[in-house]
Amino acid sequence: MAALAKLVVIGFIVLTVIYVCLSLYSRSVRKGKLAEWWEEEGRPGDREAYIDAGLKEYEGSLRRKLIWGVYIVPVVVISAVIYFTNFH
């Protein structure tokens, strides 16, 4: 039982680090694309306001929600391996 608790705690910490890194990377990529699109559209209005509005829209996007798969996929795979190893 202690081994399972250790696996859960360490796994959660590792997955959290991966989630934060992936989230920050994805946000920076989106910010770069928004700056590029601002240049292509002929610089409409304030650059920072354009980027902030785009990042607000990004917060509700599907891509942002898919990053939560970092937690879901490994837990499902490990649970399936444990189940099939012990009960089949």
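Predicted model: local features only at pLDDT ≥ 70, side-chain atom pairs only at ≥ 80, totals over all residues.
Reader: What makes the buried residues of α2 line one face of the helix?

Author: The buried residues of α2 are Ile51, Gly54, Leu55 and Tyr58. Seen down the axis of α2, these buried residues fall within an arc of 100 degrees, so they line one face. In general, an α-helix has 3.6 residues a turn, so residues three or four places apart point the same way. The face of α2 turned away from the buried side carries the exposed residues Lys56 and Glu57, whereas the buried residues pack against α1 and α3.

Reader: Why is Ser26 called buried?

Author: Ser26, which lies in helix α1, has a relative accessible area of 10%, and because buried means under 20%, the word applies to Ser26. Leaving aside neighbours within four places in sequence, Ser26 is in contact with Tyr58, Arg63 and Ile67.

Reader: Why is α1 called oblique to α2?

Author: The two helices pack at an angle of about 135 degrees, with their axes 9 Å apart. Because roughly perpendicular ends at 115 degrees and roughly antiparallel needs over 145, that angle makes α1 oblique to α2. The crossing of α1 and α2 is right-handed, and among the residues that meet there are Ser26 and Trp38 in α1 and Ile51 and Tyr58 in α2.

How values were computed. Residues numbered from 1 in each chain as written. Heavy atoms only, no water. Helix = DSSP H or I, 4+ residues; strand = E, 2+ residues; numbered from the N terminus. Buried < 20%, exposed > 50% of the residue type's maximum accessible area, 1.4 Å probe, protein only. Contact = heavy atoms within 4.5 Å. Arc of directions from axis to C-beta. Axes fitted to C-alpha atoms, helices over the stretch in contact; angles between N-to-C directions. Parallel < 35°, antiparallel > 145°, perpendicular 65-115°, else oblique. Left-handed = near helix turned anticlockwise from the far one by under 90°.
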